[in-house]
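Welcome! Take a moment to look over the sequence and the structure before reading on.

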Amino acid sequence: MADLKERLLPPKPASALNVRETANRPSASGRQAFQGVDVLGLKKRGQGLRSWIRVDTSGNSQAIEVDKFTMMRRCDLPARDLRLLDPLFVYPSTILGREKAIVVNLEQIRCIITADEVLLLNSLDSYVLHYVMELQRRLTTTGVGEVWQPDGSDMNRRRGSRNFENVFSNSSPDYLPFEFRALEVALEAACTFLDSQAAELEIEAYPLLDELTSKISTLNLERVRRLKSRLVALTRRVQKVRDEIEQLMDDDGDMAEMYLTEKKRRMELSFYGDQSMAGYKSVDGASISAPVSPVSSPPDSRKLEKSFSIARSRHESTRSSESTTESIEELEMLLEAYFVVIDSTLNKLTSLKEYIDDTEDFINIQLDNVRNQLIQFELLLTTATFVVAIFGVVAGIFGMNFEIALFNVPSAFQWVLIITGICGVFIFSAFVWFFKYRRLMPL
């Protein structure tokens, strides 16, 4: 990977090194002249140049610098599609099928796939480098043009040979065209990246949630809150990729639009057909540029030419419809495989979210139980305070400044305490019985 990274990095000119050394060199006053200003980078951004990694059908890769308008003319794309690949903006995952290209924006993989090449935004991210290496490995394993022929008879024979090889050998070649291979590697990279993030989140989440159930603290609650926010963000990204794949699977027109190799082959056949028709006309003695006179041309040749053109158009339409149906089936099977993978990742995240919700419900039940116990204790304490207040009332009455005969009895104070205590216990027991009768507390 280090060799690939060094090979894809554009060479730094000497002027850039001089500018950086001058910028980092301290001046006479002890300060640095300027920091963090890349003059060449600003110049490139002003010109609109951007570094791309180009991978052709043979698996060869190179780093090129192309501006926005050249890329639009090269891939026949509008500006809004290139804006989806801008790394300065965050767009949801998107797969767009256009006339001559497929625009792919799947997590870190942002590329343009054509029938002849893959143009990937140059980045030092490990997933981008893995994508380039995996695509090169798959392209160099088996040639694309040798194994993909969309004709019906050849396809049936090749499929029969492929089934025969699958039975008697372990190696089975890939019969997908170039654009589908590149799209498959992009889908595999995105699904693998999202699944790895979901697995890391699961490894971190379950011990934290178990710790929270055993010990409810502010620190654990804050960690669970951050975990839940990450889970929601990851679920949204996985859901977007899943919806994009499902939307492509539901629309046959979009899938047929993504069949770039077949469209290129049709254009070449139509071009060669026009060339052969022009040669046929020149053999008959008619001029190509001048209009054919109905007097000079015999009616038999015109009828033959008309019937030949009608038969050729019918044959091409029949072959194109069969190949389109076949390509839709191939692409649908490809998308269905990765739809199952991304749906499994979404199920993992959904299960984790349900586990978090169950943990939150359990914590809420525990907190409600503690709150109920505090209310019961407060109720008992209020009842005991009421009973003790009775002693205060008796003491206040006997503390009045008046004289009665009871003050002269030596044991009167003891009897007052005994009678007041018995009355307090009776009142407290009556309150407790009332609480139990009303089921206000489990006593």
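Is tyrosine 127 buried, partly exposed or exposed? Tyrosine 127 is partly exposed because its relative accessible area is 29%, where buried means under 20%, exposed over 50% and partly exposed in between (1.4 Å probe, protein chains only). This is a predicted model, in which local features need pLDDT of at least 70 and side-chain atom pairs count only at pLDDT 80 or more, while totals for chains, interfaces and linings use all residues. Residues are numbered from 1 along each chain as its sequence is written, and side-chain values use heavy atoms, with hydrogens and water left out.

**Aromatic pairs**

- The structure holds 8 aromatic pairs; rings of Phe, Tyr and Trp (its six-membered ring) pair if their centres lie within 6.5 Å, and planes under 30 degrees apart count as stacked, over 60 as edge-to-face and the rest as tilted.
- One of them joins tyrosine 127 and phenylalanine 193 edge-to-face, at 4.6 Å centre to centre and 80 degrees between the planes.
- This pair links distant parts of the chain, 66 residues apart: tyrosine 127 sits in helix α6 (residues 126-141) and phenylalanine 193 in helix α9 (residues 178-214). Helices (H or I, at least four residues) and strands (E, at least two) are DSSP runs, numbered from the N terminus.
- Phenylalanine 193 is buried, with a relative accessible area of 6%.
- Phenylalanine 386 and phenylalanine 431 have ring centres 5.8 Å apart and planes at 80 degrees, so this pair is edge-to-face.
- Here too, distant parts of the chain are linked: phenylalanine 386 belongs to helix α13 (residues 299-398) and phenylalanine 431 to helix α14 (residues 412-437), 45 residues apart.
- Ring pairs join Phe386, Phe431, Phe434 and Phe435 into a cluster.

**Nonpolar cores**

- The largest nonpolar core has 61 residues, and Val118 and Tyr131 have the most contacts inside it. Such a core is a set of buried Ala, Val, Leu, Ile, Met, Phe, Trp, Tyr and Cys residues joined through side-chain atoms within 4.5 Å.
- Helix α9 gives the most to this core, with 18 residues.
- Tyrosine 131 touches Ile109, Cys111, Val118, Leu120, Ala182, Val185 and Ala186, leaving aside residues up to four places away in sequence; contact means heavy atoms within 4.5 Å.
- A second, separate core of 16 residues includes Val66, Met72, Leu77 and Leu96.

**An annotated span**

- An unreviewed UniProt entry annotates residues 224-251 as "coiled-coil region"; such annotations may be inferred rather than shown by experiment.
- This span, residues 224-251, is 96% helix and 0% strand, and its end C-alpha atoms lie 40 Å apart.
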